[in-house]
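Visitor: Please take me closely through the side-chain pairing in this model. Start with the rings and then turn to the charges.

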Amino acid sequence: MPQPDPSAALDAVDTHFDTFVEELRALCRIRSRRQEPEKMAQTADFLAASLRRWGGSAEVIPWEDSHPYVLGEIEGGERALLHFNHYDVEVEPTGDDDAWISPPYAAEIHDGRLYARGVADDKGALLSRVHAAAAWRLAGLRPPVTSRFIMEGKKWLHSPGLGSFAEAHRERLAADAALWENSWLDDRGRPLLKLGEKGVLYVRLTARTLARELTSQNAALLPAATARLTAALASLQRPDGTVTFEGFAEGVRPPTERESELLRALPFDAAFLRERAGVERFTGDLDAPGAAVAIRTRPTLTVTGIEGGDNRDDITLGLPATATAKIEIRLIAGQDPDRVLAALTGHLRLAGFGDLDVHVMASSRPHLTDHRDPFVSLVADAARRVYGVEPVVEPYTQWIGNQGALAGPPIVGVGVSRADAGIDGPNEHIRLEDYRMGIKHVIEVMAAMASAPATAATAADARGTKEARR
């Protein structure tokens with residue numbers, strides 16, 4: 001099948017670019033913070049209206065443990081391209097609003113850059129996918145692929161409702177390939193194609209040794225919860241962070257030789273990170289290329305917080321009855337959060353800490369798309385045509401996420417921002433020209449998908465979807 005000519009759609013981006021930018025600014029003016037449910041609902045309604053405005057269908061779906069999902073479609077060719085994005089903002093601590101050159105929700109343009117909270121993560125990437133499908137229609141053409149959209153508004157960082165939502169709407173999310181929520185261009189203007197995400201197992205570990213807190217004069221007779229908790233934590237890893245309990249690394253998929261080459265070629269500002277952390281060297285004395293590999297391919301356990309006893313700035317004489325710690329375990333491809341949890345609880349039991357309470361706060365599976373997948377090559381070729389540079393393939397990433405909930409089709413992360421976009425900090429922004437090029441990149445992906453040879457997996461998925469619809 002010949003590849004559809006995308007030139008008219010690409011021209012439509014230029015013709016209607018001001019309209020696209022104004023819609024993005026309107027979206028960014030909605031303060032879609034997870035702590036403000038009414039603003040989250042307003043954002044979901046805005047996005048559904050956008051899909052309908054550009055000729056698609058959309059439904060706003062309330063869901064347990066989530067702000068509303070937006071599920072939509074802009075119909076086109078037989079093959080389907082899934083777009084996953086989120087519309088909540090402020091993923092990390094955001095800094096002082098007074099540091100902005102304009103108010104964070106004013107969505108002002110300065111020197112060719114749009115400044116707004118959430119424009120780089122993830123509203124710019126989100127609307128670029130909608131506008132790519134819209135450009136085909138504005139050019140008077142039927143899009144060469146059907147675009148399916150899932151837009152989530154997380155109530156909590158780890159998206160506890162995504163797995164059940166994806167399972168309940170599996171047929172409507174069926175696709176030949178997927179573009180994940182975000183990525184960016186590096187400082188040389190090269191698109192970064194992200195092929196995976198780490199999973200996470202986040203638990204709270206609690207020690208209870210007494211019915212109530214008593215004076216520490218009883219320390220010779222009664223156990224302190226703080227001592228019990230810290231002993232349990234010390235049994236999990238060495239001081240350098242190396243995890244020691246059996247079964248932690250079960251199933252870990254080591255990178256192939258080619259993947260290691262790709263990882264070592266990734267830009268990694270080791271000096272910046274060391275300076276920011278106030279250290280002279282990395283754990284294990286890793287150099288920059290080694291650090292670029294380790295940060296993406298090494299599973300980790302971090303005690304993110306410990307509480308127990310009386311921590312007031314005073315001399316206190318208490319014997320702590322309870323103590324608690326939060327533990328974040330980042331999982332890489334091949335690990336399973338359920339198996340790691342079983343290994344953790346089994347270790348605590350065998351080490352004599354079976355009385356400690358283990359509460360799972362968050363869990364997600366790691367995911368990895370093979371860099372040799374034809375869709376990865378297709379997205380890379382599309383990037384070469386649009387940007388005129390060689391894209392950078394990142395086979396493993398250090399980010400945690402929820403790709404595992406949509407596992408099946410190949411998934412590639414692309415975006416419209418840059419590494420210096422100030423994501424989640426003061427003066428978050430995107431360059432307008434990057435937004436234009438990001439839309440055109442997705443248009444080129446759509447055109448190439450329509451004519452790409454079907455893989456065996458794609459054909460099987462298509463047959464399964466048709467059977468389900470019968």
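Guide: Phe-84 counts as buried because its relative accessibility is 2%; buried means under 20% relative accessible area, exposed over 50% and partly exposed in between, with a 1.4 Å probe and protein chains only. Trp-180 is buried too, because its relative accessible area is 4%. The model is predicted, so local features need pLDDT of at least 70 and side-chain atom pairs count only at pLDDT 80 or more, while totals for chains, interfaces and linings use all residues; side-chain values use heavy atoms, without hydrogens and water. Residue numbers run from 1 along each chain as its sequence is written.

The mean pLDDT of the protein chain (the predictor's confidence in each residue, from 0 to 100) is 93, and 95% of its residues reach 70 or more. In residues 456–470 the pLDDT is below 50, and beyond near neighbours in sequence this stretch has six contacts in the model, a contact being heavy atoms within 4.5 Å.

Now the rings. A pair of aromatic rings is described by the distance of the centres and the angle of the planes. The count here is eight aromatic pairs. Rings of Phe, Tyr and Trp (its six-membered ring) pair if their centres lie within 6.5 Å; planes under 30 degrees apart are stacked, over 60 edge-to-face, and the rest tilted. One of the pairs is Phe-20 with Trp-54, edge-to-face, with 5.6 Å from centre to centre and 80 degrees between the planes. Phe-20 belongs to helix H2 (residues 17–28), and Trp-54 to the loop between helix H3 (37–53) and strand E1 (57–61), so that distant parts of the chain, 34 residues apart, are linked. Helices (H or I, at least four residues) and strands (E, at least two) are DSSP runs numbered from the N terminus. Both Phe-20 and Trp-54 are buried. Phe-84 and Trp-180 form a stacked pair, at 4.1 Å centre to centre and 5 degrees between the planes. This pair links strand E3 (residues 80–86), which holds Phe-84, to strand E7 (residues 177–180), which holds Trp-180, 96 residues apart. Elsewhere, ring pairs join Trp-63, Tyr-69 and Phe-165 into a cluster.

Next come the charges. Side chains of opposite charge can pair when their charged atoms come close. The count is 31 salt bridges, each a side-chain nitrogen of Lys or Arg within 4 Å of a carboxyl oxygen of Asp or Glu. Lys-440 is bridged to Asp-14, with 3.1 Å between the closest N and O atoms. Because Lys-440 is in helix H12 (residues 432–451) and Asp-14 in helix H1 (residues 7–15), the pair ties together parts 426 residues apart in sequence. Lys-440 is buried at 15% relative accessible area, whereas Asp-14 is partly exposed at 36%.

Asp-310 and Arg-312 also form a salt bridge, at 2.6 Å from N to O. Asp-310 is partly exposed at 33%, and Arg-312 is exposed at 58%. In another salt bridge, the closest N and O atoms of Arg-330 and Glu-328 are 2.9 Å apart. Arg-330 is partly exposed at 22%, and Glu-328 is buried at 13%. Shared partners join Asp-14, Glu-433, Arg-436 and Lys-440 into one salt-bridge network.

Arg-436 also lies over the face of Phe-17, 4.0 Å from the ring centre. The rule for a charge over a ring is that NZ of Lys or CZ of Arg is within 6 Å of the ring centre and within 35 degrees of the ring normal. Arg-274 lies over the face of Phe-282 at 5.3 Å from the ring centre.
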